[in-house]
Amino acid sequence: MSTASVSLPNWITYGLMPLLNLTLAFVISGLVVWLIGENPFEAVKLLLIGALGRGEGIGFTLFYATNFIFTGLSVAVAIHAGLFNIGSEGQAYLGGLGAALVALALDNYLPWYATMPFAILGAAAAGAAWAFIPAWLQAKRGSHIVITTIMFNFIGAALMVYLLVNVLIVPGKMAPETRTFLEGGQLPKLDWLMELFGLKLGAAPFNFSFIIALVMCVVVWFLIWRTKFGYEMRTLGISPSAASYAGIPYARTVIITMLISGGLAGMMALNPVMGASARLQVEFVGGAGFVGIAVSLMGRNHPLGIVLAALLFGILYQGGGELSFDMPNITRDMIVVIQGLVILFAGALEFMFRPALVRIYQNFVKA
Amino acid sequence: MKKTLLSLLAMAAMSATALAADIKPALVYGTGGKFDKSFNEAAFNGAEKFKAETGIEFRDFEPTGDTQGEQAIRNFASKGYNPVVAVSFAWTSAIEKVAAEFPDTKFVLVDSVVDKPNVRSVVYAEHEGSYLVGVIAGMASKTGKVGFIGGMDIPLIRKFECGYEQGARAANPKIEVFQNMTGTTGAAWNDPVRGGELTKNQIDQGADVIYAAAGATGLGVLQTAADNGKLSIGVDSNQNHLHPGSVLTSMVKRVDLAVYNAYMDAKNDKFTPGLQALGVKEDGVGWALDDNNKSLITPEMQAAVDKAKADIISGAVKVHDYMSDNSCPK
């Protein structure tokens, strides 16, 4: 008997299954750590202390998590409409341009809270613009969105490097980056939030964009499950033919969905560009767009799940860095292996345990 | 008298051990990774040399991104590591911030400048070294066409290209210089396949000497040139041994010296902050001659490059620095 159609209670689907997958990923990572001659328990301890042990570690974890929330939401919105947006990386990169141009233009004249709305709009508009062409090609010409968004990542990288090396660079400086934004172009650190919990933020760049990310989670939830457009998106995602039979315009839905997805990816740039380094740098996205795919899959494309998955990846990023710092035997490539195992088991093989769980559950219910 | 001498000796010995125990050197690499056979590996070799001579262990770290680099530098400083050496311009702002937080720690930044009382900045005149290998390339080329393959398209790499072009032109005014950058992202430092393709393309256009300034991508350039019986020029570390008889020479940038000197100076309590600009004159950059490429360098080339070197040192030849005005004279 097929087990795919049997429905399981939510606590198993959303609680037990991810937990089992995660445990397996860590057990196998532990084996790898043990194979290269280090103590796996010590490694886990270092990883967790590095990520959550001090205020500064927590600040970094939340900083990374903020990036992943944005890109995770970006991927999730597109997936609900049946679109696989692999271009969050490039859209976020271009979003940085939007945010930076606003910050460069206004930081002299306005305080941060007045610059911020324009910067959010600028980042979202630039990210959305970068998603528009692939969206239009998908909607009108049938060019597959996966291919076009991947290609646009490269075009985006080329464009940004051209701009930073030739146009936006501070003359005479070595690094291809813009000038440092003044206070009016920076997002403030959230040290007060940490102090509420009696923690010291230290040097961690945990900043206001975290709050923007949480607001966006609510907005996305509302959009997908509480609006007419969200209903149309989901219908299209489940069955394009049923959607067209119901009179949902394909091209319009695809394009608007991708604009929203690109806009969310673009907003990710607020965190590193305006919150952390206060300047636009080459390659500031650093793969967060691709991690967003894993975050969205792990979080079951639901904002709440995305926040949790983003936190997990934040812990892996921050804790992983600290782990390879404290255990020189564990190189940065090892950390990538551990992250890869988590993605493999929690993302790609998410339903591996499902048949077994269904059987156990059915026996349990019968008895 | 004897007693004073003894106590003096004892004091000297004590202070020596105290100093030696004081130093806990640390090294933070650029994001290209430790074993790139080029820039970062040169830094690693400098630290290894220090370790072999003094027996003092060092700690190193390979950051994957900008945020992590700053964290690593701060981590080292807060755990009492001193001096902390950071190679790559990518850590400029990180050093600027962290050096202010730890005024008693000595920092060394390679490839960029930070003006702080506890920071030593080491920069290289890559355009001068590239000029020298350009002279050799211009003379070695039989087709009158030479090539340049850069890594990521940033001002620093254009500086290499510009010096090379000037050198080649000094050797042969009618020379044609092809140039390609491998890419626009960090992946361009580690893409030997694409490096090889670009080399093939330049060879098809007639180039017979190709200079690679592209990190690990350069390995593909050197390989392809060797496969096609053409000459190539390595970068940063001495890469002559990779394909003896095909690698014409290497533009050596002594990042190892910067690291080694920083540790030694700190150990001997001679550390000085401030800017160190290392050019041809200071032997910070140069060209590599060893058994692997001896047969490729004719006496005329040797004479020409020695003269170019002397002229740069005396100031008779001024190699234009691309980064001084972001342009290259044609």
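Which strands and which helix are included in what covers the buried residues of helix 8 of chain B? The legends below take this up in the second view. This is a predicted model, in which local features need pLDDT of at least 70, side-chain atom pairs count only at pLDDT 80 or more, and totals for chains, interfaces and linings use all residues. Residues are numbered from 1 along each chain as its sequence is written, while chains are lettered from A and ligands numbered from 1 in the order in which they are written.

**View 1. Chain B as a whole, with 11 helices and 12 strands.** Helices (H or I, at least four residues) and strands (E, at least two) are DSSP runs, numbered from the N terminus. The radius of gyration of chain B, taken over C-alpha atoms, is 21 Å, close to the 20 Å that the globule rule gives for 330 residues, so chain B is as compact as a globular protein of that length. That rule is 2.2 Å times the number of residues to the power 0.38. Along the principal axes, the C-alpha atoms of chain B fill a box of roughly 75 × 50 × 35 Å. A UniProt annotation from an unreviewed entry, "domain: ABC transporter substrate-binding protein PnrA-like", covers residues 35–313 of chain B; such annotations may be inferred rather than shown by experiment. Over residues 35–313, chain B is 44% helix and 21% strand.

**View 2. Helix 8 (residues 217–227) of chain B under its cover.** Here 8 of the 11 residues are buried, meaning that 20 or more other C-beta atoms, placed from the backbone, lie within 10 Å of a residue's own. Among them are B:Leu219, B:Val221 and B:Leu222. The cover includes strand 6 (145–152), strand 7 (176–183), helix 7 (192–204), strand 8 (209–213), strand 9 (231–236) and strand 10 (247–253) of chain B. Just after helix 8, look for B:Gly229, which takes a positive phi of about 70°.

**View 3. Where domain 1 meets domain 2 in chain B.** Domain 1 (2–125 + 256–278) and domain 2 (127–253 + 285–325) have bounds from an automatic or database domain assignment. Their centres, taken over C-alpha atoms, are 30 Å apart. The contact (C-beta atoms, placed from the backbone, within 7 Å) takes 12 residues from domain 1 and 17 residues from domain 2. On the domain 1 side, helix 2 (residues 39–54) gives the largest share, 3 residues.

**View 4. The largest nonpolar core, with 213 residues.** Such a core is a set of buried Ala, Val, Leu, Ile, Met, Phe, Trp, Tyr and Cys residues joined through C-beta atoms within 7 Å. The members that touch the most others are A:Met267, A:Leu270, A:Phe313, B:Ile73 and B:Ile95. Helix 3 (residues 55–80) of chain A supplies the largest share, 14 residues. Both domain 1 and domain 2 of chain B give residues to this core, so it lies between them. Zoom in on B:Ile95 and, leaving aside neighbours within four places in sequence, you will find contacts with B:Ile73, B:Ala86, B:Phe107, B:Leu109, B:Val114 and B:Val119.

**View 5. The contact between chain A and chain B.** Chain A gives 20 residues and chain B gives 27 residues. On the chain A side, helix 6 (145–167), helix 12 (270–277) and helix 14 (303–326) each give two or more residues, with the largest share, 4 residues, coming from helix 6.

Terms used: Contact = placed C-beta atoms within 7 Å. Buried ≥ 20, exposed ≤ 12 C-beta atoms within 10 Å, placed from the backbone.
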